[in-house]
Amino acid sequence: MSEGRLADRAYTRIVAIINEDGLQIGDRLPSEAQLAQTFGISRTVVREALVRLASDGITEARRGAGSYVKRRPSERLGAHMPMSDLSATLGTYEVRFVLEAEAARLAAMRRSSEQMGEIEHALAGLRTALLSSGPAHDEDWALHRAIALATSNPAFLATFDHLHDDVDRILKAGVDISRSRPPAAIEAMISEHEMIVDAIRAQDAEGAALAMRWHLSQGRKRLMP
């Protein structure tokens, strides 16, 4: 088995330790050496898994003191994806930060009036869906896809479409988890999308990129309790 696959399994097992052992935010994880011995793998693989967990905002490393729980993945995530897929699914955020921030920037620079109309229409559809009690992931996908389309670069759209299955799981989970919280959670989702669209409308390229990055960073946090 490749080190990448082993790191995925270590990532999943560390998340299981956090959830099943009831570790709370601020609690210390077992050491790299302890985890390596428990899992029967090298410390190098454990270290890679911990780096990815930190990148996903689940753990944080403290110099000379080990790794600590920063956020606990929501138990509701299990309704949308196997925990064994969590590493790969959250890993798409790393791609989306690069891809979609640049797509928003280019859309702000290049969008036609017709494309702006499509983006506005998609935003209205998403707002209606989020304020209802029904699903909203298709409308969320449609808005992000309309922005990719407005780059006028087919490679952005093709790459975004390639991520569909993982992004779709994230969108479903994000809406479900947010609806289990106070109404401000859904209001925040709407506001974040409005900020992106406002910047594209104003042809504020850097503002659109920043708004997209902020939205994606908040979206990843929403997957945690």
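How many salt bridges does the structure hold? There are 16 salt bridges, a salt bridge being a side-chain nitrogen of Lys or Arg within 4 Å of a carboxyl oxygen of Asp or Glu. This is a predicted model, in which local features need pLDDT of at least 70 and side-chain atom pairs count only at pLDDT 80 or more, while totals for chains, interfaces and linings use all residues. Residues are numbered from 1 along each chain as its sequence is written, and side-chain values use heavy atoms, with hydrogens and water left out.

Select Arg62 and Glu60, whose side chains meet in a salt bridge at 3.2 Å, N to O. Arg62 is partly exposed at 37% relative accessible area, and Glu60 is partly exposed at 29% (buried means under 20% relative accessible area, exposed over 50%, partly exposed in between, with a 1.4 Å probe and protein chains only).

Next, select Asp176 and Arg76, which form a salt bridge with their closest N and O atoms 2.8 Å apart. Asp176 lies in helix α8 (residues 164–179) and Arg76 in the loop between β2 (66–69) and α4 (86–110), so the pair ties together parts that are 100 residues apart in sequence; helices (H or I, at least four residues) and strands (E, at least two) are DSSP runs, numbered from the N terminus.

Move on to Glu120 and Arg201, a salt bridge in which the closest N and O atoms are 2.6 Å apart. This pair links distant parts of the chain, with Glu120 in helix α5 (residues 113–131) and Arg201 in helix α9 (residues 184–201), 81 residues apart.
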